[in-house]
Amino acid sequence: MDVAATSRTAPARIGFRRKSAAYVSLTKPRVMELLLVTTIPVMFLAAGGVPNLWLVAATVIGGAMSAGSAAAFNCYIDRDIDKIMRRTKNRPLVTGELTPREAYVFSWALAVASTAWLYFTTNWLASLLSVVAILFYVFVYTLWLKRRTQQNIIWGGIAGCFPVLIGWAAVTGSLDWAPFILFGVVFLWTPPHYWPLSMRYRDDYKSVGVPMLGVTRGRAVVGLQVILYAWATVACSLLLVPVAHMGVVYTLTALAAGVWFIYETHRLYSLAIRHENPSPMRVFHGSITYLSVLFLAIAIDPLLPF
């Protein structure tokens with residue numbers, strides 16, 4: 001036997017550092033930004049000031065594990081299309097840095113660990129909401145909606161709304177109207193955040209048969225839908241003012257950031273109907289800025305006397 005030839009064809013051993021990085025990548029760390037952006041400010045609002053910092057840390061850790069579990073399950077289930085799409089071709093299950101079995105076991109381990117962690121460090125309600133979020137993202141969005149309907153991101157996006165409920169429940173042990181309004185804000189914000197991305201990667205989604213709105217409809221239709229959901233998002237954010245007795249800082253921020261967000265969506269639509277380059281990623285990144293600024297105001301407002 002030619003030992004040299006065998007060594008050339010054998011798969012290279014992946015080192016500990018690279019393997020660890022692959023596991024981290026499986027959790028989609030950038031998606032976890034939504035967790036941090038929404039969970040911590042809601043805890044300030046629920047506490048009416050600065051919450052217990054250990055509780056904040058415990059909730060974020062548990063929430064990160066929960067979100068990471070859902071993301072890892074998603075990568076495991078979607079590995080067949082991830083290897084075709086350019087946007088996902090570097091994911092660890094595509095590159096071979098992780099095997100499907102490793103990803104599957106890791107997903108379950110994070111799910112169990114996050115549930116137990118939140119139960120013992122926060123309360124049963126926060127832990128239960130975390131489990132529901134994982135199940136919704138895996139079964140309702142990834143397995144049921146994603147490859148079947150252009151409404152996938154609307155209803156599938158509900159999973160991304162749970163951090164506001166988890167944060168509130170961790171502090172109070174219950175739920176109220178305020179977190180449900182913020183749930184609605186994130187729910188309505190998700191389409192104008194994600195649909196511009198589907199415009200940018202239209203060919204990717206089309207190549208694997210995923211019926212994102214950017215694939216099934218033209219740019220003008222997508223742009224109009226983005227506008228409608230942006231208006232609804234801003235309107236919902238203003239409901240928090242009377243319900244949670246928000247002050248001047250949140251009110252002015254919600255109005256100013258909302259006007260800017262709506263302007264950007266109108267700009268996208270205007271360029272689309274004129275058949276010019278609509279720069280959808282500008283709205284995609286702008287939507288992240290909008291949500292970050294809005295929730296920052298939520299955290300600051302309870303600390304001020306006006």
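Colleague: What does Trp 108 count as at 45% relative accessibility?
Modeller: This is a predicted model, where local features need pLDDT of at least 70, side-chain atom pairs count only at pLDDT 80 or more, and totals for chains, interfaces and linings use all residues. Residues are numbered from 1 along each chain as its sequence is written, and side-chain values use heavy atoms, without hydrogens and water. Buried means under 20% relative accessible area and exposed over 50%, with partly exposed in between (1.4 Å probe, protein chains only). At 45%, then, Trp 108 is partly exposed.

Colleague: How many aromatic pairs does a search of the whole structure find?
Modeller: Rings of Phe, Tyr and Trp (its six-membered ring) pair if their centres lie within 6.5 Å; planes under 30 degrees apart are stacked, over 60 edge-to-face, and the rest tilted. Searching the whole structure that way, the number of aromatic pairs comes to 11.

Colleague: Take Trp 54 and Trp 117: what kind of pair do they make?
Modeller: Their ring centres are 6.2 Å apart. The planes sit at 70°, so the pair is edge-to-face.

Colleague: And how many residues apart in sequence are the parts that Trp 54 and Trp 117 tie together?
Modeller: Helices here are DSSP runs (H or I, at least four residues), numbered from the N terminus. Trp 54 belongs to helix H4 (residues 53-77) and Trp 117 to helix H7 (residues 100-121), so the pair joins parts whose separation in sequence, in residues, is 63.

Colleague: Which helices does the pair of Phe 73 and Trp 108 tie together?
Modeller: With centres 5.5 Å apart and planes at 90°, those two rings are edge-to-face. The pair ties together parts 35 residues apart in sequence, because Phe 73 lies in H4 and Trp 108 in H7.

Colleague: Is Phe 73 buried or exposed?
Modeller: Ring pairs link Phe 73 with Tyr 76, Tyr 104 and Trp 108 into a cluster. Its relative accessibility is 7%, so Phe 73 counts as buried.

Colleague: Which ring does the charged end of Arg 200 sit over?
Modeller: A charge sits over a ring if NZ of Lys or CZ of Arg is within 6 Å of the ring centre and within 35 degrees of the ring normal. Arg 87 lies over the face of Tyr 201, at 5.7 Å from the ring centre. For Arg 200 the distance to the centre is 4.8 Å, and the ring is that of Tyr 201.

Colleague: What separates the C-alpha atoms of Ala 67 and Leu 35?
Modeller: Ala 67 is placed in helix H4, and its relative accessible area of 29% makes it partly exposed. Leu 35 is 32 residues away along the chain, yet the C-alpha separation is 7.9 Å.

Technical notes:
Helix = DSSP H or I, 4+ residues; strand = E, 2+ residues; numbered from the N terminus.
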